[in-house]
Amino acid sequence: MTENYKPLSDVPVTRKQIENCTFSNWYPLFKEYAPKTEIIKPIPHEFIQYLEQDGITLPKEHDPSFYTVPLEKNEENEYSDWEEDGEQNYSDDSSDDEDVEKLRKVNPLEDFPEFHNQLKSVLDKFGSVAPKLNWSAPQDATWILPNNSMKCNEVNEIYLLLNASNYIMHDLQYAFDDCVDAKESLQKPTFELVLRQWFDINPALEFRVFVKDKEVIGASQRDLNYYDFLKPLTNTFKDLIDEFVEDTVLPKFSDDSFVLDIYIPRPFNKVFLIDINPFARKTDSLMFSWNELMTTKKTDEDDYELRIVLKNNTGRFACKEHSENQVPDDVVQASLDPNSIRELAVKWKELLAMQKKEETNDVI
Ligand SMILES: Nc1ncnc2c1ncn2[C@@H]1O[C@H](COP(=O)(O)OP(=O)(O)OP(=O)(O)O)[C@@H](O)[C@H]1O
Ligand SMILES: [Mg+2]
């Protein structure tokens, strides 16, 4: 039996390869193909502490902000656990007075006011931004903003998104973890905050391109929903991808293997570069498997495949990207399976009933 199993292919990656994919390393080379961006590097140590600490403390400034204006208590928003003091502190901090100083939370206005003002001036210049650190964007934390996207119109939205994201924590703490030479140096990367001017992207037209030893070995649709207009366009996309990799990226990028994220909007005559990722298992291989990417042997006549989703998959559609990092798994599973929905609804009812009972007891 066991001879039917193939061993998992190794996809070795070095610290240098990861470093090459730091936003500020590739952006200056391909500036004219990427959205307008401001990179703040290095970022103050206090800001990193702010991201790593528990809870989210938003600055209370004079300018009105949706996030810090005290809510007026009314019939619609009256909750049993309403806090009386109206603090804009999203943490579960309940320290005693004597511990207050020890546990003092890092706070933008006191601990990194200059950086805070820098963020505000970038927002003034760009209007709205999509933030990320050296490698990762907080795609898992969009649930925290009312628009449910990474679009930040004000500085508090940048703070909320970055603080709520596990992907950001990965950049801060585990960036080099899977590298073959991880143990050779314990040096931390120089962290940077990347603020890209927001532009509305049609997710159907985003692609991920796998380049190994200077050759495109595969490309995949990035948003894995079905879009019926894509299939007849695959040759157009491939021509643009080939030309972009060959003429623009390979002559300038300092690695032979990497994974590109590109965007090809209508009228399909220009490629935008969204990101360059390490050729490593931690980069999602989307419609391929890493084993497949590592083992396909290409001959000169062989062409690579641009994989797109060919039919509607309702299960996939219900499973929103990054949802596994956004809401409890029970809820995601329930959205895929009617029985689980029923089960969840029953549990939910029980919880509501318990809460009601508790409230009634409180009154008595
Ligand atoms: N300037 C922008 N305006 C609007 N949306 C953007 C912008 N830049 C990126 N995005 C959206 O954000 C998504 C994620 O961005 P990006 O690829 O930089 O994140 P990432 O963390 O590197 O993702 P991955 O982990 O998959 O490599 C993109 O697929 C794109 O849809
Ligand atoms: Mg990326």
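In this predicted model, β1 and strand β3 (residues 193-197) are paired in the antiparallel sense, with four bridges between them. Within that pairing, Thr37 sits opposite Arg196 of β3.

**The three-stranded sheet**

The two strands belong to an open sheet of three strands, arranged in the order β1-β3-β2 with antiparallel pairing. Strands of a sheet pair through backbone hydrogen bonds, in either the parallel or the antiparallel sense.

Helix α7 (residues 155-164) lies across β2 and β3. The helix runs at about 35 degrees to β2.

**The five-stranded sheet**

A second open sheet has five strands in the order β7-β6-β4-β5-β8, and its pairing is mixed. Here the edge strands are β7 and β8 (306-307), each of which pairs on one side only. Strand β5 (residues 215-221) and β8 run parallel and are joined by two bridges. One residue pair can be named: Ser220 has Arg307 in β8 as its bridge partner. Helix α9 (residues 234-249) packs on this sheet and touches β4, β5, β6, β7 and β8. The direction of α9 makes about 125 degrees with that of β6.

Ligand 1 has 20 residues around it, of which Lys132, Ala137, Arg196, Glu206 and Asp275 come nearest. Arg196 is also the β3 residue that stands opposite Thr37.

Strands β2, β3, β4 (206-212) and β7 (272-278) each supply at least two residues of the shell. The largest share, three residues, comes from β7.

| Protein residue | Protein atom | Ligand 1 atom | Distance |
|---|---|---|---|
| Lys132 | polar side-chain atom | oxygen | 2.8 Å |
| Ala137 | backbone N or O atom | oxygen | 2.7 Å |
| Gln197 | polar backbone atom | nitrogen | 2.8 Å |

On its own, ligand 1 has 630 Å² of accessible area, and the protein covers 87% of it.

**Cis peptide bonds and a positive phi**

Which residues does the cis peptide bond with omega of about -5 degrees join? It joins Lys41 and Pro42. Pro42 is found in the loop between β1 and α3 (45-52).

Another cis peptide bond runs from Arg266 to Pro267, with omega near 0 degrees. Pro267 has its place in the loop between β6 (258-263) and β7. Phe268 lies in the loop between β6 and β7 as well. Phi of Phe268 is near 60 degrees, a positive value in a residue other than glycine.

Key. Residues numbered from 1 in each chain as written. Chains lettered and ligands numbered in written order. Predicted model: local features only at pLDDT ≥ 70, side-chain atom pairs only at ≥ 80, totals over all residues. Heavy atoms only, no water. Pairing = 2+ DSSP bridges. Contact = heavy atoms within 4.5 Å. Axes fitted to C-alpha atoms, helices over the stretch in contact; angles between N-to-C directions. Near = heavy atom within 4 Å. Polar contact = N/O pair within 3.5 Å; in protein donor to acceptor, adjacent residues only side chain to side chain. Areas by Shrake-Rupley, 256 points an atom, 1.4 Å probe, with all protein chains shown as cover.
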